[in-house]
Amino acid sequence: MSRYKLNKMASIVQKMENYLPKTFHPLGYSSLFNNMVKLAGTAGIKVNKMSRQEVEVYLKNRKSIQNHIGGLHACSMALAAESATG
């Protein structure tokens with residue numbers, strides 16, 4: 001265990017992982033993240049996997065986050081990338 005104090009989100013994630021069955025962790029991660037990072041909630045980012053070594057996020061190509069040619073807008077891709085890297 002690290003000597004450093006966990007930040008607020010990491011502390012809540014740790015408690016959630018101890019409380020919820022593993023199959024519900026992605027739902028818990030997404031709900032927590034989207035509640036704490038409002039723009040992520042608006043964009044609909046899903047956090048599928050989270051560990052100290054890896055984070056996997058998913059962003060569905062929906063009309064509200066598309067560019068003028070129907071692809072994901074660059075800002076939504078940047079949001080997903082920034083969300084995954086912390």
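A residue is called buried when its relative accessible area is under 20%, exposed when it is over 50%, and partly exposed in between, with a 1.4 Å probe and protein chains only. The model is predicted, so that local features need pLDDT of at least 70 and side-chain atom pairs count only at pLDDT 80 or more, while totals for chains, interfaces and linings use all residues. Residues are numbered from 1 along each chain as its sequence is written, and side-chain values use heavy atoms, with hydrogens and water left out.

The protein holds 4 helices and 2 strands. Helices (H or I, at least four residues) and strands (E, at least two) are DSSP runs, numbered from the N terminus. Their order along the sequence is α-α-α-β-β-α. The C-alpha trace spans about 45 × 25 × 20 Å along its principal axes. Of the 86 residues in the protein, 23% are buried.

Helix α1 comprises residues 8-19, which are 12 in number. The expected span of a helix is 1.5 Å times one less than its number of residues. The N-terminal end of α1 is capped by N7, with a side-chain oxygen 3.2 Å from the backbone nitrogen of M9. Such a polar contact is a pair of N or O atoms within 3.5 Å; within protein, one must be able to donate a hydrogen and the other to accept it, and residues adjacent in sequence count only if both atoms are side-chain atoms.

Two further polar contacts involve buried residues of other helices. N34 belongs to helix α2, residues 25-36, and is buried because its relative accessible area is 17%. A polar atom of the N34 side chain lies 3.4 Å from the backbone nitrogen of G41. S83 is part of helix α4 and counts as buried because its relative accessibility is 14%. The side chain of S83 reaches the backbone oxygen of L79 at 2.6 Å. An α-helix has 3.6 residues a turn, so residues three or four places apart point the same way.

Strand β1 (residues 46-50) and strand β2 (residues 55-58) run antiparallel and are joined by 4 bridges. Two strands pair if DSSP finds at least two bridges between them. A hairpin of 4 residues connects β1 to β2, and V47 stands opposite V57 in β2. K46 also lies in β1; K46 counts as partly exposed because its relative accessibility is 41%. The C-alpha atoms of K46 and S76 are 30 residues apart along the chain and are separated by 13 Å.

G44 is found in the loop between α3 (38-43) and β1, and is buried because its relative accessible area is 19%. Its C-alpha atom is separated by 23 Å from that of P21, which is 23 residues away along the chain. K63 is found in the loop between β2 and α4 (74-85), and is exposed because its relative accessible area is 72%. The C-alpha atoms of K63 and L27, 36 residues apart along the chain, are separated by 23 Å.

Open space in the model was examined last. Rolling a probe the size of a water molecule over the atoms shows where empty space is left. On a 1 Å grid over the protein atoms alone, a pocket is an open set of points where a 1.4 Å probe fits, with protein on both sides within 12 Å along at least five of seven lines, and lining residues have an atom within 4 Å of a point. The largest pocket has a volume of about 590 Å³. Its lining consists of 18 residues, and A10, V13, M50, S51 and R52 are the closest to its centre. Two or more lining residues come from each of α1, β1, β2 and α4, and α1 gives the most, with 5 residues. The lining divides into 10 nonpolar, 6 polar and 2 charged residues. Here Ala, Val, Leu, Ile, Met, Phe, Trp, Tyr, Cys and Pro count as nonpolar, Asp, Glu, Lys and Arg as charged, and the others, Gly among them, as polar.

Technical notes:
Points joined across faces, edges and corners; volume = space filled by probe spheres on them.
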